[in-house]
Amino acid sequence: MTILSRLHAKGVLDRVRTAAPTCTPTVADEPGLAARRMATVLAAEPEREAVLARFVSGLSQTDEQLLRRMLVETGDADGPGDTGAGRY
């Protein structure tokens, strides 16, 4: 039960209250867990833009190209009214 409580606290499991306490996994793979950890760290930082800028500047050229492609594919490369100037 201690392990399940710790996993719930980390956001890996979701509690479902029934007659008997049960837990249902919400994130089952390593990429999902890594993404959740990254989001948690970013959410705790008051200087989000600076953190993201440092993260992106530290990426390998291959990872930066992958990130750029993913942003274009999801339509998030430029926000509303954003010309994209000075980004990346």
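Which residue with a positive phi follows α1? Gly 11 does, with phi near 85°.

The views below show a predicted model: local features need pLDDT of at least 70, side-chain atom pairs count only at pLDDT 80 or more, and totals for chains, interfaces and linings use all residues. Residues are numbered from 1 along each chain as its sequence is written, and side-chain values use heavy atoms, with hydrogens and water left out.

**View 1. The whole chain, with its four helices and two strands.** Reading from the N terminus, you get α-β-β-α-α-α. Helices here are DSSP runs of H or I with at least four residues, strands are E runs of at least two, and both are numbered from the N terminus. Among contacts (heavy atoms within 4.5 Å) with a separation of 6 or more, 8% join residues 24 or more positions apart.

**View 2. Helix α1, residues 2-9.** This one lies largely in the open, because zero of its eight residues are buried. Gly 11, with its positive phi, comes after the helix.

**View 3. Lys 10, in the loop between α1 and β1 (13-16).** Lys 10 has 61% relative accessibility, so it counts as exposed (the cut-off is over 50%). In sequence, Lys 10 and Arg 36 are 26 residues apart; in space, their C-alpha atoms are 9.1 Å apart.

Definitions and conventions: Buried < 20%, exposed > 50% of the residue type's maximum accessible area, 1.4 Å probe, protein only.
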